[in-house]
Amino acid sequence: MGLDCRRLMKETAMMIDMHAHWRPAEVADALRARTREPRILRNPDGVEVLKAGRMGEAPLAEAFDDVDFHLARMDRQGVEVSVLSLLGSFCWVEAQPLEVSGPLCRTINDRLSAICQEHPGRFAAFAALPLVDMPAAAAELERALGLPGMIGAQIPGNYLLTRNDADAMRPLLEAANRHRAVLFIHHGPRPGDAFPKVSGETDNARRRNGTLDMQASLSSVMVTLCLTDCLAPYPDVTVVVHNLGGNIPYEVERMDHRCLLDTPQEELPSSRFRKAKVYVDCNSFGPRSIEAAVSLYGAERIVCGTDGTEFGCDWTRKALAEAQIGEEAREQILHRNAAAMLARVSTAQRERAVA
(Lines give C-alpha, C1' and ligand atoms only; values in the text may rest on other atoms or scores of the structure.)
Protein backbone atom coordinates (compact mmCIF):
# COMPACT_ATOMS: atom_id res chain seq x y z
CA MET A 1 0.00 0.00 0.00
CA GLY A 2 2.78 2.43 -0.95
CA LEU A 3 0.59 5.35 -2.01
CA ASP A 4 1.06 9.08 -1.29
CA CYS A 5 -1.64 9.96 1.24
CA ARG A 6 -1.42 13.69 0.38
CA ARG A 7 -2.20 12.92 -3.25
CA LEU A 8 -5.07 10.64 -2.19
CA MET A 9 -6.57 13.41 -0.05
CA LYS A 10 -6.83 15.63 -3.14
CA GLU A 11 -8.55 12.88 -5.08
CA THR A 12 -11.00 11.61 -2.48
CA ALA A 13 -13.65 13.04 -0.21
CA MET A 14 -13.03 14.43 3.24
CA MET A 15 -13.28 11.66 5.81
CA ILE A 16 -15.61 11.36 8.79
CA ASP A 17 -13.73 9.30 11.38
CA MET A 18 -16.20 7.39 13.58
CA HIS A 19 -13.46 5.67 15.62
CA ALA A 20 -11.12 8.31 17.08
CA HIS A 21 -9.98 7.49 20.60
CA TRP A 22 -9.27 10.22 23.14
CA ARG A 23 -7.06 10.37 26.23
CA PRO A 24 -8.65 12.95 28.58
CA ALA A 25 -6.44 15.00 30.89
CA GLU A 26 -9.48 15.42 33.16
CA VAL A 27 -8.73 12.03 34.77
CA ALA A 28 -5.19 13.01 35.86
CA ASP A 29 -6.02 13.55 39.53
CA ALA A 30 -7.87 10.22 39.71
CA LEU A 31 -4.84 8.52 38.14
CA ARG A 32 -2.57 10.09 40.77
CA ALA A 33 -4.76 8.61 43.51
CA ARG A 34 -4.61 5.07 42.12
CA THR A 35 -2.34 2.43 43.64
CA ARG A 36 -2.24 0.14 40.60
CA GLU A 37 -1.88 0.68 36.88
CA PRO A 38 -2.96 2.67 35.08
CA ARG A 39 -1.68 5.33 37.42
CA ILE A 40 0.39 8.51 37.55
CA LEU A 41 3.53 8.44 39.68
CA ARG A 42 7.00 9.94 39.76
CA ASN A 43 9.82 8.03 38.10
CA PRO A 44 13.32 7.79 39.63
CA ASP A 45 14.16 11.17 38.08
CA GLY A 46 11.24 12.80 39.87
CA VAL A 47 9.22 13.25 36.66
CA GLU A 48 5.51 12.47 36.71
CA VAL A 49 4.66 9.71 34.24
CA LEU A 50 1.59 7.72 33.30
CA LYS A 51 2.19 3.98 33.68
CA ALA A 52 -0.40 1.90 31.85
CA GLY A 53 0.57 -1.77 31.74
CA ARG A 54 1.38 -2.95 28.25
CA MET A 55 1.03 0.65 27.00
CA GLY A 56 4.28 1.38 28.83
CA GLU A 57 5.29 4.64 30.48
CA ALA A 58 4.75 8.17 29.17
CA PRO A 59 5.58 11.61 30.56
CA LEU A 60 2.45 13.61 31.27
CA ALA A 61 3.14 15.96 28.38
CA GLU A 62 2.55 12.98 26.05
CA ALA A 63 0.00 11.02 28.09
CA PHE A 64 -3.10 13.05 27.24
CA ASP A 65 -4.55 14.35 23.98
CA ASP A 66 -4.36 17.98 22.90
CA VAL A 67 -7.17 19.46 20.79
CA ASP A 68 -4.96 21.73 18.66
CA PHE A 69 -2.57 18.87 17.91
CA HIS A 70 -5.47 16.64 16.92
CA LEU A 71 -7.02 19.31 14.70
CA ALA A 72 -3.73 19.88 12.89
CA ARG A 73 -3.48 16.14 12.25
CA MET A 74 -7.07 16.05 10.98
CA ASP A 75 -6.30 18.90 8.57
CA ARG A 76 -3.17 17.13 7.28
CA GLN A 77 -5.08 13.91 6.75
CA GLY A 78 -8.26 15.31 5.23
CA VAL A 79 -10.49 14.39 8.18
CA GLU A 80 -13.53 16.65 8.36
CA VAL A 81 -15.03 15.28 11.60
CA SER A 82 -13.58 13.09 14.36
CA VAL A 83 -16.02 11.28 16.65
CA LEU A 84 -14.17 11.00 19.96
CA SER A 85 -14.37 8.06 22.36
CA LEU A 86 -12.29 6.99 25.36
CA LEU A 87 -9.13 5.06 24.57
CA GLY A 88 -9.38 1.55 25.99
CA SER A 89 -6.65 2.11 28.58
CA PHE A 90 -8.75 4.98 29.99
CA CYS A 91 -11.99 2.98 30.16
CA TRP A 92 -10.98 1.84 33.63
CA VAL A 93 -12.97 4.86 34.84
CA GLU A 94 -16.23 3.13 33.86
CA ALA A 95 -15.52 0.14 36.12
CA GLN A 96 -14.88 2.10 39.32
CA PRO A 97 -17.42 2.19 42.17
CA LEU A 98 -20.34 4.43 41.27
CA GLU A 99 -19.25 7.22 43.62
CA VAL A 100 -16.00 7.39 41.57
CA SER A 101 -17.13 6.44 38.07
CA GLY A 102 -20.24 8.65 38.07
CA PRO A 103 -18.46 11.98 38.63
CA LEU A 104 -15.52 10.99 36.40
CA CYS A 105 -17.79 10.07 33.49
CA ARG A 106 -19.75 13.31 33.89
CA THR A 107 -16.52 15.32 33.85
CA ILE A 108 -15.26 13.50 30.75
CA ASN A 109 -18.56 13.90 28.91
CA ASP A 110 -18.83 17.59 29.78
CA ARG A 111 -15.31 18.16 28.43
CA LEU A 112 -15.97 16.19 25.24
CA SER A 113 -19.07 18.30 24.65
CA ALA A 114 -17.06 21.47 25.29
CA ILE A 115 -14.54 20.41 22.64
CA CYS A 116 -17.42 19.95 20.18
CA GLN A 117 -18.75 23.42 21.00
CA GLU A 118 -15.35 25.09 20.80
CA HIS A 119 -14.74 23.68 17.31
CA PRO A 120 -18.12 23.57 15.53
CA GLY A 121 -18.39 21.00 12.80
CA ARG A 122 -15.09 19.28 13.59
CA PHE A 123 -15.95 16.95 16.47
CA ALA A 124 -18.71 14.75 17.83
CA ALA A 125 -18.35 12.34 20.76
CA PHE A 126 -19.44 9.11 22.38
CA ALA A 127 -20.17 9.29 26.11
CA ALA A 128 -18.33 7.39 28.82
CA LEU A 129 -20.74 5.64 31.21
CA PRO A 130 -20.52 4.35 34.83
CA LEU A 131 -21.08 0.73 33.81
CA VAL A 132 -20.96 -0.66 37.36
CA ASP A 133 -24.58 0.46 37.75
CA MET A 134 -26.74 0.06 34.65
CA PRO A 135 -29.57 2.42 35.74
CA ALA A 136 -26.93 5.06 36.52
CA ALA A 137 -25.28 4.40 33.15
CA ALA A 138 -28.62 4.86 31.37
CA ALA A 139 -29.23 8.09 33.31
CA GLU A 140 -25.82 9.44 32.32
CA LEU A 141 -26.46 8.51 28.69
CA GLU A 142 -29.76 10.44 28.85
CA ARG A 143 -27.95 13.44 30.37
CA ALA A 144 -25.03 13.29 27.92
CA LEU A 145 -27.33 13.16 24.92
CA GLY A 146 -28.65 16.56 25.96
CA LEU A 147 -25.15 18.04 25.59
CA PRO A 148 -24.01 19.59 22.30
CA GLY A 149 -21.98 17.22 20.15
CA MET A 150 -22.78 14.01 22.02
CA ILE A 151 -24.23 11.38 19.69
CA GLY A 152 -24.32 8.24 21.83
CA ALA A 153 -21.98 6.09 23.90
CA GLN A 154 -19.11 3.64 23.60
CA ILE A 155 -20.02 0.19 24.98
CA PRO A 156 -17.67 -2.75 25.76
CA GLY A 157 -18.15 -5.65 23.35
CA ASN A 158 -18.36 -8.20 26.16
CA TYR A 159 -21.91 -6.98 26.82
CA LEU A 160 -22.92 -8.52 23.50
CA LEU A 161 -20.97 -11.77 23.28
CA THR A 162 -24.24 -13.73 23.62
CA ARG A 163 -27.97 -13.02 23.55
CA ASN A 164 -28.13 -13.53 27.33
CA ASP A 165 -25.27 -11.10 27.88
CA ALA A 166 -27.14 -8.49 25.86
CA ASP A 167 -30.06 -8.49 28.31
CA ALA A 168 -27.99 -6.44 30.76
CA MET A 169 -27.82 -3.67 28.16
CA ARG A 170 -31.56 -3.12 27.90
CA PRO A 171 -31.58 0.16 29.88
CA LEU A 172 -28.93 1.59 27.55
CA LEU A 173 -30.69 0.32 24.43
CA GLU A 174 -33.96 1.85 25.61
CA ALA A 175 -32.35 5.23 26.26
CA ALA A 176 -30.48 5.18 22.95
CA ASN A 177 -33.66 4.19 21.11
CA ARG A 178 -35.58 7.14 22.57
CA HIS A 179 -32.89 9.55 21.39
CA ARG A 180 -32.15 7.85 18.05
CA ALA A 181 -28.57 7.68 19.29
CA VAL A 182 -25.50 5.75 18.14
CA LEU A 183 -23.91 2.98 20.20
CA PHE A 184 -20.28 2.31 19.33
CA ILE A 185 -19.45 -1.28 20.30
CA HIS A 186 -15.73 -1.60 20.99
CA HIS A 187 -13.85 -4.71 22.08
CA GLY A 188 -13.46 -4.56 25.83
CA PRO A 189 -14.47 -6.02 29.22
CA ARG A 190 -17.49 -5.44 31.38
CA PRO A 191 -16.71 -4.39 34.95
CA GLY A 192 -15.33 -7.48 36.67
CA ASP A 193 -14.36 -9.39 33.52
CA ALA A 194 -10.89 -10.91 33.39
CA PHE A 195 -9.09 -8.94 30.69
CA PRO A 196 -7.05 -9.36 28.61
CA LYS A 197 -7.55 -13.08 28.13
CA VAL A 198 -3.93 -13.84 27.28
CA SER A 199 -1.26 -12.99 29.85
CA GLY A 200 1.79 -10.97 28.94
CA GLU A 201 4.06 -13.97 29.51
CA THR A 202 2.42 -15.92 26.67
CA ASP A 203 4.23 -16.04 23.35
CA ASN A 204 2.92 -13.46 20.89
CA ALA A 205 0.64 -11.99 23.58
CA ARG A 206 0.04 -8.76 21.67
CA ARG A 207 -0.92 -10.66 18.51
CA ARG A 208 -3.16 -13.04 20.44
CA ASN A 209 -4.95 -10.29 22.37
CA GLY A 210 -4.87 -7.48 19.88
CA THR A 211 -5.93 -9.49 16.82
CA LEU A 212 -6.90 -13.11 17.44
CA ASP A 213 -9.05 -12.63 20.53
CA MET A 214 -10.31 -9.19 19.53
CA GLN A 215 -11.52 -10.30 16.12
CA ALA A 216 -13.07 -13.52 17.45
CA SER A 217 -14.90 -11.54 20.15
CA LEU A 218 -16.20 -9.05 17.60
CA SER A 219 -17.46 -11.92 15.46
CA SER A 220 -19.48 -13.13 18.44
CA VAL A 221 -20.82 -9.60 18.93
CA MET A 222 -22.02 -9.53 15.32
CA VAL A 223 -23.69 -12.93 15.67
CA THR A 224 -25.62 -11.61 18.68
CA LEU A 225 -26.59 -8.37 16.97
CA CYS A 226 -27.47 -9.80 13.55
CA LEU A 227 -28.52 -13.42 14.11
CA THR A 228 -30.75 -12.91 17.18
CA ASP A 229 -33.68 -10.61 17.89
CA CYS A 230 -31.86 -8.54 20.53
CA LEU A 231 -32.20 -5.29 18.55
CA ALA A 232 -35.79 -5.86 17.40
CA PRO A 233 -37.38 -3.74 20.19
CA TYR A 234 -35.01 -0.85 19.42
CA PRO A 235 -35.52 0.15 15.77
CA ASP A 236 -34.23 3.69 16.27
CA VAL A 237 -30.81 2.74 17.68
CA THR A 238 -27.83 2.92 15.34
CA VAL A 239 -25.13 0.37 16.22
CA VAL A 240 -21.55 0.51 14.94
CA VAL A 241 -19.04 -2.31 15.55
CA HIS A 242 -15.38 -1.67 14.85
CA ASN A 243 -12.81 -3.63 12.81
CA LEU A 244 -15.30 -4.83 10.16
CA GLY A 245 -17.33 -6.67 12.79
CA GLY A 246 -14.58 -9.21 13.48
CA ASN A 247 -13.94 -12.02 11.00
CA ILE A 248 -17.52 -12.32 9.77
CA PRO A 249 -16.78 -11.37 6.12
CA TYR A 250 -14.49 -14.43 5.95
CA GLU A 251 -16.45 -16.75 8.25
CA VAL A 252 -19.87 -16.25 6.71
CA GLU A 253 -19.36 -18.77 3.89
CA ARG A 254 -18.70 -21.52 6.41
CA MET A 255 -21.71 -20.34 8.44
CA ASP A 256 -23.85 -20.66 5.33
CA HIS A 257 -22.46 -24.13 4.64
CA ARG A 258 -23.16 -25.33 8.18
CA CYS A 259 -26.64 -23.78 8.05
CA LEU A 260 -27.48 -25.70 4.87
CA LEU A 261 -26.29 -28.92 6.51
CA ASP A 262 -27.60 -28.45 10.05
CA THR A 263 -30.67 -26.20 9.83
CA PRO A 264 -31.69 -25.98 6.16
CA GLN A 265 -35.05 -24.46 7.07
CA GLU A 266 -33.35 -21.34 8.45
CA GLU A 267 -32.53 -18.22 6.47
CA LEU A 268 -28.85 -18.20 5.55
CA PRO A 269 -26.59 -16.22 7.90
CA SER A 270 -25.20 -14.23 4.95
CA SER A 271 -28.71 -13.00 4.18
CA ARG A 272 -29.34 -12.05 7.80
CA PHE A 273 -26.04 -10.18 8.13
CA ARG A 274 -26.85 -8.28 4.95
CA LYS A 275 -30.35 -7.33 6.15
CA ALA A 276 -29.30 -6.28 9.64
CA LYS A 277 -29.02 -2.57 10.39
CA VAL A 278 -25.67 -2.90 12.14
CA TYR A 279 -22.80 -0.80 10.79
CA VAL A 280 -19.10 -1.66 10.91
CA ASP A 281 -16.01 0.50 10.59
CA CYS A 282 -12.98 -0.40 8.48
CA ASN A 283 -10.33 0.53 11.05
CA SER A 284 -7.03 -1.32 10.71
CA PHE A 285 -7.98 -3.42 7.68
CA GLY A 286 -6.56 -3.52 4.17
CA PRO A 287 -8.13 -3.46 0.72
CA ARG A 288 -8.93 -7.18 0.38
CA SER A 289 -10.75 -7.22 3.72
CA ILE A 290 -12.71 -4.09 2.80
CA GLU A 291 -13.72 -5.73 -0.48
CA ALA A 292 -14.99 -8.79 1.41
CA ALA A 293 -16.94 -6.58 3.82
CA VAL A 294 -18.54 -4.61 0.97
CA SER A 295 -19.53 -7.89 -0.66
CA LEU A 296 -21.21 -9.11 2.55
CA TYR A 297 -22.65 -6.04 4.27
CA GLY A 298 -22.88 -3.59 1.39
CA ALA A 299 -20.94 -0.33 1.18
CA GLU A 300 -23.87 1.49 2.77
CA ARG A 301 -23.13 -0.24 6.09
CA ILE A 302 -19.43 0.64 6.41
CA VAL A 303 -17.86 3.79 7.89
CA CYS A 304 -14.29 4.95 8.43
CA GLY A 305 -12.29 4.48 11.61
CA THR A 306 -8.67 5.34 12.35
CA ASP A 307 -8.24 4.73 16.11
CA GLY A 308 -7.53 8.47 16.30
CA THR A 309 -3.95 8.19 15.02
CA GLU A 310 -2.14 9.60 12.01
CA PHE A 311 -0.91 6.13 11.12
CA GLY A 312 -4.44 4.76 11.34
CA CYS A 313 -5.77 7.49 9.06
CA ASP A 314 -3.00 6.99 6.50
CA TRP A 315 -3.59 3.23 6.56
CA THR A 316 -7.36 3.56 6.11
CA ARG A 317 -7.06 6.07 3.26
CA LYS A 318 -4.62 3.86 1.37
CA ALA A 319 -6.70 0.73 1.96
CA LEU A 320 -9.81 2.42 0.58
CA ALA A 321 -7.89 3.78 -2.40
CA GLU A 322 -6.63 0.31 -3.31
CA ALA A 323 -9.87 -1.59 -2.63
CA GLN A 324 -11.68 -2.64 -5.83
CA ILE A 325 -15.08 -1.31 -4.73
CA GLY A 326 -15.77 1.63 -7.07
CA GLU A 327 -15.91 5.35 -6.41
CA GLU A 328 -19.53 5.36 -5.24
CA ALA A 329 -18.79 2.84 -2.49
CA ARG A 330 -15.60 4.65 -1.54
CA GLU A 331 -17.49 7.92 -1.11
CA GLN A 332 -20.15 6.20 0.99
CA ILE A 333 -17.54 4.75 3.34
CA LEU A 334 -15.39 7.87 3.58
CA HIS A 335 -18.17 10.31 4.25
CA ARG A 336 -21.79 9.82 3.27
CA ASN A 337 -22.80 6.97 5.60
CA ALA A 338 -21.39 8.69 8.67
CA ALA A 339 -22.79 12.08 7.63
CA ALA A 340 -26.29 10.57 7.44
CA MET A 341 -25.77 8.94 10.83
CA LEU A 342 -24.72 12.21 12.48
CA ALA A 343 -27.55 14.10 10.81
CA ARG A 344 -30.09 11.62 12.16
CA VAL A 345 -28.95 12.20 15.75
CA SER A 346 -28.87 15.98 15.20
CA THR A 347 -32.42 15.96 13.86
CA ALA A 348 -33.62 13.99 16.88
CA GLN A 349 -31.92 16.48 19.21
CA ARG A 350 -33.55 19.46 17.48
CA GLU A 351 -36.96 17.79 17.64
CA ARG A 352 -36.57 17.21 21.38
CA ALA A 353 -35.48 20.80 21.92
CA VAL A 354 -38.55 22.11 20.12
CA ALA A 355 -40.84 19.75 22.03
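Let's start with a helix contact. Met134, Ala137, Ala138, Leu141 and Glu142 in helix H6 meet Pro171, Leu172, Ala175, Ala176, Arg178 and His179 in helix H8. By class, that contact of H6 with H8 has eight nonpolar residues, one polar and two charged. Keep in mind that this is a predicted model.

Now the geometry of that pair. H6 covers residues 134-144, and H8 covers residues 170-179. Their axes are 8 Å apart, and the packing angle is about 15°. Angles under 35 degrees count as roughly parallel, so H6 and H8 are roughly parallel to each other. The crossing of H6 and H8 is right-handed.

Next pair: H10 and H12. H10 is residues 248-262, and H12 is residues 287-297. At what angle do the axes of H10 and H12 cross? Roughly 50°, and they come within 9 Å. That angle makes H10 oblique to H12. Who touches whom? On the H10 side we have Ile248, Pro249, Tyr250 and Val252. They meet Arg288, Ser289, Ala292, Ala293, Leu296 and Tyr297 in H12. The residues of this contact divide into eight nonpolar, one polar and one charged.

On to the strands. Take S8, residues 182-186. Is strand S8 mostly covered or mostly open? Mostly covered: five of its five residues are buried. Look at the two faces. Val182, Phe184 and His186 lie on one side, Leu183 and Ile185 on the other, and all are buried.

One is S7, residues 150-156, which pairs with S8 in the parallel sense over five bridges. There, Gly152 stands opposite Val182 in S8. Another is S9, residues 238-241. S8 and S9 also pair in the parallel sense, over four bridges. Here the bridge partner of Leu183 is Val239 in S9.

Last stop, a separate topic: the open sheet. Three strands form it, in the order S2-S3-S4, and the pairing is antiparallel. Why is one side of S2 and of S4 left without a neighbour in the sheet? S2 (39-42) and S4 (57-59) stand at the edges, each with a single partner strand, so one side of each has no neighbour there. Neighbouring strands of this sheet are turned by 35° against each other on average, direction ignored.

One detail from inside that sheet. S3, residues 48-51, pairs with S4 in the antiparallel sense over three bridges. Leu50 stands opposite Ala58 in S4.

That's the tour. Questions are welcome.

Key:
Residues are numbered from 1 along each chain as its sequence is written. This is a predicted model: local features need pLDDT of at least 70, side-chain atom pairs count only at pLDDT 80 or more; totals for chains, interfaces and linings use all residues. Side-chain values use heavy atoms; hydrogens and water are left out. Two strands pair if DSSP finds at least two bridges between them. Helices (H or I, at least four residues) and strands (E, at least two) are DSSP runs, numbered from the N terminus. Axes are lines fitted to C-alpha atoms, for helices over the stretch in contact, and angles run from 0 to 180 degrees between N-to-C directions. Angles under 35 degrees count as roughly parallel, over 145 as roughly antiparallel, 65 to 115 as roughly perpendicular and the rest as oblique. A crossing is left-handed if the near helix is turned anticlockwise from the far one by less than a right angle, and right-handed if clockwise. Contact means heavy atoms within 4.5 Å. Ala, Val, Leu, Ile, Met, Phe, Trp, Tyr, Cys and Pro count as nonpolar, Asp, Glu, Lys and Arg as charged, and the others, Gly among them, as polar. Buried means under 20% relative accessible area, exposed over 50%, partly exposed in between (1.4 Å probe, protein chains only).
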